[in-house]
Amino acid sequence: MAARASGSVKAKAAIPQLPWHGIRPASVVLVTGGEEVLAERATTMLRDFLRAEDPALEVSDLEADGYRRGELLTLASPSLFGEPRLIRVQAVERASDDFLLDALDYLGQVADSTTLVLRHKGGVRGKKLLDAIRAGTGGGIEIVCTELKKDAEKQDFAATEFRAAGRKISPGALRALVAAFSDDLAELAAACRQLIADAPGDISEGVVARYYGGRVETSSFAVADAAIAGRRGDALIALRHALDSGADPVPMVAAFAMKVRTMAKVSGVRGGGAQVASSLGLAPWQVDRARRDLAGWNDEGLALAIEALAATDAAVKGAERDPVFALERLVGVIASRGRDPR
């Protein structure tokens with residue numbers, strides 16, 4: 001599926017604009033965006049595909065900022081034995097004038113059996129070249145590698161890594177893996193490759209915990225989110241990681257309380273998010289999130305959850321001897337939508 005176009009230039013593109021995992025052969029492949037890991041993965045996938053088609057593939061690399069006139073045309077010239085060619089050009093956003101001139105000339109006479117990959121990380125340098133490619137000159141495609149900011153996007157990335165390797169990973173393991181490396185896509189990619197290479201069979205939560213348990217940084221809200229969504233097992237695993245990392249039970253209960261009370265406020269209130277937010281003294285995003293969290297809940301369940309929160313709050317503040325057990329009991333009640341999990 002084509003990636004969503006952004007900006008006036010991309011909106012006018014006459015060529016396919018694809019996500020990183022949608023890369024395919026074309027005479028010219030423009031790889032744009034600031035996410036270097038995705039660009040590298042896309043280019044590697046293309047090379048592997050072309051090499052599988054013909055092991056005689058000849059691969060050449062150029063740096064656009066240190067380019068000398070005529071290099072591109074020389075590399076693209078037909079060889080004596082007619083091997084297919086892959087020419088990868090880095091740093092097009094810093095391209096020399098000589099490269100831009102040669103590249104524009106090349107678009108008008110693309111070589112047979114040659115794939116030209118142009119990596120452009122952003123900026124205005126080379127705009128004339130990019131505009132020509134996006135207008136369809138040279139018969140190219142564009143691979144858009146924008147930064148992955150949402151956990152769901154990172155989970156899609158990791159899932160694609162395992163799927164491409166013919167391996168299976170459970171949803172819980174996928175979430176745990178992304179949680180462990182949520183701040184660094186390069187490390188997430190490396191972790192995926194390590195599990196693919198070293199861990200036999202399907203990848204479960206236990207496998208991820210064995211390899212990367214120490215990296216899973218879990219916040220109180222992550223525990224609450226999993227429990228509210230009904231994922232009791234995930235919530236308990238997250239709770240144990242949080243406690244092992246030194247989390248205090250008291251603020252963890254406070255995180256649950258904040259989310260459940262917001263759900264109780266929003267439950268049954270009709271109207272647009274902004275209108276409801278104004279009447280309840282909340283931000284619109286809090287209303288939208290609470291409405292999503294309310295899926296599967298009813299008023300009775302919310303009432304029981306609030307009672308359980310009050311009991312747990314007292315327990316972790318000294319009313320009971322075992323605050324960890326009290327937290328685990330709360331997770332069970334919340335994950336059961338307020339019903340007694342027993």
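Helix α6 (residues 151-164) and helix α7 (residues 171-180) have axes that come within 9 Å and cross at roughly 115°. The two helices are therefore roughly perpendicular to each other. This is a predicted model, in which local features need pLDDT of at least 70 and side-chain atom pairs count only at pLDDT 80 or more, while totals for chains, interfaces and linings use all residues. Residues are numbered from 1 along each chain as its sequence is written, and side-chain values use heavy atoms, with hydrogens and water left out.

**Terms for helices, strands and angles**

- Helices (H or I, at least four residues) and strands (E, at least two) are DSSP runs numbered from the N terminus.
- Axes are lines fitted to C-alpha atoms, for helices over the stretch in contact, and angles run from 0 to 180 degrees between N-to-C directions.
- Angles under 35 degrees count as roughly parallel, over 145 as roughly antiparallel, 65 to 115 as roughly perpendicular and the rest as oblique.

**Helix pairs**

- α6 passes α7 in a right-handed crossing; a crossing is right-handed if the near helix is turned clockwise from the far one by less than a right angle, and left-handed if anticlockwise.
- On the α6 side, D151, K154, Q155, A158, A159 and F162 are in contact with L174, R175, L177 and V178 of α7, where contact means heavy atoms within 4.5 Å.
- The axes of helix α4 (residues 97-107) and helix α5 (residues 127-134) come within 10 Å and cross at roughly 15°.
- α4 and α5 are therefore roughly parallel to each other, and α4 passes α5 in a left-handed crossing.
- F99, L100, A103, L104 and L107 of α4 meet K128, L129, A132 and I133 of α5.

**The sheet**

- Six strands form an open sheet with parallel pairing, in the order β1-β6-β2-β5-β4-β3; two strands pair if DSSP finds at least two bridges between them.
- β1 (17-19) and β3 stand at the edges with a single partner strand each, so one side of each has no neighbour in the sheet.
- From one strand to the next, the twist averages 20°.
- Three bridges pair β1 with strand β6 (residues 141-144) in the parallel sense, and Q17 has E142 in β6 as its bridge partner.
- α5 packs on the sheet, where it touches β2 (28-32), β5 and β6, and its direction makes about 125° with that of β2.

**Strand β4 and its neighbours**

- Five of the six residues in strand β4 (residues 85-90) are buried, which is defined as under 20% relative accessible area, with exposed over 50% and partly exposed in between (1.4 Å probe, protein chains only).
- Strand β3 (residues 58-63) runs parallel to β4 and is joined to β4 by six bridges; the partner of S60 in β4 is I87.
- Five bridges join β4 to strand β5 (residues 114-120), also in parallel, and V89 stands opposite L118 in β5.
- β4, α4 and β5 make a right-handed β-α-β unit; right-handed means that, with the strands pointing away from the viewer, the path from the first strand over the helix to the second runs clockwise.

- A91 lies in the loop between β4 and α4, and its phi is near 60°, a positive value in a residue other than glycine.
- A91 is buried, with a relative accessible area of 6%.
- S113, in the loop between α4 and β5, is not a glycine but has a positive phi of about 60°.
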